[in-house]
Amino acid sequence: MEEMTHPLIQHKITILRDKRTGPKQFRELVNEISMLMCYEVLRELPTELVDIDTPLTRTKSHYLSGKKLAIVPILRAGLGMLDGILSLVPSAKIGHIGLYRDHETLEPHDYYSKLPDNINERLAIILDPMLATGGSAVVATNFIKRSGCKNIRFMSIIAAPEGIKRMAEVHPDVKIYCGHLDQRLNAQGYILPGLGDAGDRLFGTK
Ligand code: PRP
Ligand code: URA
């Protein structure tokens, strides 16, 4: 697991947590944080030297090579992270995995999924701002692995130790990037101190 240390990310997460932050600013911040995190998550993308002509001379210069990307937001809240990522990698293909957590059992239920055809040839980045029990992350990763994809990373803005542990047990090969590792879950499965319900705060549904 890699936790982000950049002061800009930490500053924006503080405003995101604040209960006075409304949906418009919440959406803007989720996008900005995702873009800043994406910079770190993709730090090791391979490049190759290619020949190009500048207006002045011929030269060799770095160009992205190797696996192409698939960005896979978990609905609903993961959608809030998508535009920030796409502003950096606009040619990535996009998949969707629809999951909601049962409020009593905290078990994830799937209601929709669609992945790019050739996701098995891509590096898949799963997006979900909240990694709580880890149930949704495990189900989403299972689904992507069943499509043949072997190279998967998981991006969350806030994570609980319980979710990190569950993912490490079930999917030790999937590297997790989180904006901040919080303290624990409460009895209802919400992350403390957390930011509340990410989907409701993004879309103004509560
Ligand atoms: C939230 C969140 C994650 C999940 C995390 O979604 O966006 O997908 O809970 O919890 P877990 O780690 O315990 O599985 P929710 O089920 O509230 O659905 P929503 O995004 O549609 O609001
Ligand atoms: N899902 C959320 O949106 N928030 C939490 O704290 C836990 C799960």
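Biologist: Which residues in α4 meet residues in α5?

Modeller: First, the conventions. This is a predicted model, in which local features need pLDDT of at least 70 and side-chain atom pairs count only at pLDDT 80 or more, while totals for chains, interfaces and linings use all residues. Residues are numbered from 1 along each chain as its sequence is written, chains are lettered from A and ligands numbered from 1 in the order in which they are written, and side-chain values use heavy atoms, with hydrogens and water left out. Helices (H or I, at least four residues) and strands (E, at least two) are DSSP runs, numbered from the N terminus. Contact means heavy atoms within 4.5 Å. Here Gly135, Ala137, Val138 and Thr141 of α4 meet Arg166, Met167 and Val170 of α5. By class, this contact has four nonpolar, two polar and one charged residues. Ala, Val, Leu, Ile, Met, Phe, Trp, Tyr, Cys and Pro count as nonpolar, Asp, Glu, Lys and Arg as charged, and the others, Gly among them, as polar.

Biologist: At what angle do helix α4 and helix α5 pack?

Modeller: Axes are lines fitted to C-alpha atoms, for helices over the stretch in contact, and angles run from 0 to 180 degrees between N-to-C directions. Angles under 35 degrees count as roughly parallel, over 145 as roughly antiparallel, 65 to 115 as roughly perpendicular and the rest as oblique. Helix α4 (residues 135-146) and helix α5 (residues 161-170) pack at about 30°, with their axes 9 Å apart. The two are therefore roughly parallel to each other.

Biologist: Is the crossing of α1 and α2 left-handed or right-handed?

Modeller: A crossing is left-handed if the near helix is turned anticlockwise from the far one by less than a right angle, and right-handed if clockwise. The axes of helix α1 (residues 7-17) and helix α2 (residues 23-41) come within 10 Å and cross at roughly 155°, which makes α1 roughly antiparallel to α2. Their crossing is left-handed. On the α1 side the contact includes Leu8, Ile9 and Lys12, and on the α2 side it includes Phe26, Leu29 and Glu32. The residues of this contact divide into eleven nonpolar, one polar and two charged.

Biologist: How do the axes of α2 and α3 cross?

Modeller: They come within 7 Å and cross at roughly 50°, which makes α2 oblique to α3. This crossing is right-handed. Val30, Asn31, Ser34, Met35 and Cys38 of α2 meet Gly80, Met81, Leu82, Asp83, Gly84 and Ile85 of α3.

Biologist: Why is helix α3 largely enclosed by the rest of the structure?

Modeller: Buried means under 20% relative accessible area, exposed over 50%, and partly exposed in between (1.4 Å probe, protein chains only). Six of the eight residues of helix α3 (residues 79-86) are buried, so the helix is largely enclosed. The buried residues are Gly80, Met81, Leu82, Gly84, Ile85 and Leu86. What covers them includes α2, β4, β8 (122-127), β10 (151-159) and α6 (198-203).

Biologist: Which residues form an aromatic pair?

Modeller: Rings of Phe, Tyr and Trp (its six-membered ring) pair if their centres lie within 6.5 Å; planes under 30 degrees apart count as stacked, over 60 as edge-to-face and the rest as tilted. The structure holds one such pair. Tyr100 and Tyr111 form a tilted pair, 6.3 Å centre to centre with 35° between the planes. Tyr100 lies in strand β6 (residues 96-101) and Tyr111 in strand β7 (residues 108-114), so the pair ties together parts that are eleven residues apart in sequence. Tyr100 is partly exposed at 46% relative accessibility, and Tyr111 is partly exposed at 43%.
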